[in-house]
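Have the viewer open as you read.

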Amino acid sequence: MRISDISISKEPVLLSRDYIRKLFDFDGRAKERDTNKGDFGKLLAVCGSKNMTGAAFFAAAGALRCGVGLLYLASEEKALDILQTKLNEPIFVPVNFEKPEEIIKIPENIKPSAVLIGPGLGVENSLKFTNALLDLFKQNYNINKIIKSVIFDADGINSLCLNINILETLSSVTEIILTPHPGEMARLCIAAKFDGVNSPDDVQKNRVNIASVFSRRYNCVLVLKGANTVISGKNGDIYINPTGNPGMSKGGSGDILAGMAASYCAQGVDPVISACAAVYLHGLAGDYAARRYSERGMLPSDMLDIIGELQK
């Protein structure tokens, strides 16, 4: 597929605090006092492995800070043993990735409004869970009324690169958000056989066009991370994010972003709005953290409390 000459349906939108507030009323939940946790969605986050619990922690913490009512954190038991010492809020769900018949029962029993797949999970386990989820959509025709969106990050994205047809099939039955960095985007483009895109450098030279073409081709919302993160809707409309700084280029930062976007989706927010709000506030939290600790000294964990404060 050639990507050199495309037409974007509208001028790119530069995100701002006012624009985000017009899209998404953060104070809306405060106006309704008679609520419970069930009113704010259920997120199933399939993340982490024995040696990658940090990614699962950051994804879960990002989701919790953005207001999801119930968070189910699913991973292998050895990972959950560690995560239970670091997080109090999630419901922990052990997964035996060697038993596909058990994997498929997890989303069917939980009935989440959104599913996050990938941070710290490993490519093989991500692919196993994605295949099980796809089988569930095929077997249970009503599940798409419950699971409204699926968010792929990190190894979730890398697993799609092994079989890009899964993305095309899954996006026909539910909303999809992908959050690749340039390296992952290059692998997606190679899998999709995009002419002239073979490396992260190729992606960086043509970020807007690549994001727009890919999101239209695969009927998904694409978040192409990096300086001035590009968000592309299913129709190819482009949003550019001005917040963020080089201090955020540390392991764990992207996991927080994936959790944030998934949290908003679980609460019923439109996927494009979820992506735009998550990206803008994530970058803004990074800017606050950099002012407080310096770009060199800031940590992804410094951003978590700030994310909560920014949604006042």
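Asn228 is partly exposed, at a relative accessible area of 42% (buried means under 20%, exposed over 50%, partly exposed in between, with a 1.4 Å probe and protein chains only). A heads-up: this is a predicted model, where local features need pLDDT of at least 70, side-chain atom pairs count only at pLDDT 80 or more, and totals for chains, interfaces and linings use all residues. Residues are numbered from 1 along each chain as its sequence is written, and side-chain values use heavy atoms, with hydrogens and water left out.

**Around Asn228**
- You'll find Asn228 in the loop between strand S8 (221-224) and strand S9 (230-232) (strands are DSSP E runs of at least two residues, helices H or I runs of at least four, numbered from the N terminus).
- Setting aside neighbours within four places in sequence, Asn228 is in contact with Arg207, Ile240, Asn241 and Pro242 (contact means heavy atoms within 4.5 Å).
- From Asn228 to Lys312 is 84 residues in sequence and 24 Å in space, C-alpha to C-alpha.

**H7 against H9**
- In H7, Ile157, Asn158, Leu160 and Cys161 meet Glu184, Arg187, Leu188 and Ala191 of H9.
- The residues of this contact are five nonpolar, one polar and two charged (Ala, Val, Leu, Ile, Met, Phe, Trp, Tyr, Cys and Pro count as nonpolar, Asp, Glu, Lys and Arg as charged, and the others, Gly among them, as polar).

**Helix H12**
- Of the 14 residues in H12, 13 are buried, so this helix is mostly covered.
- After H12 comes Gly268, with a positive phi near 95°.
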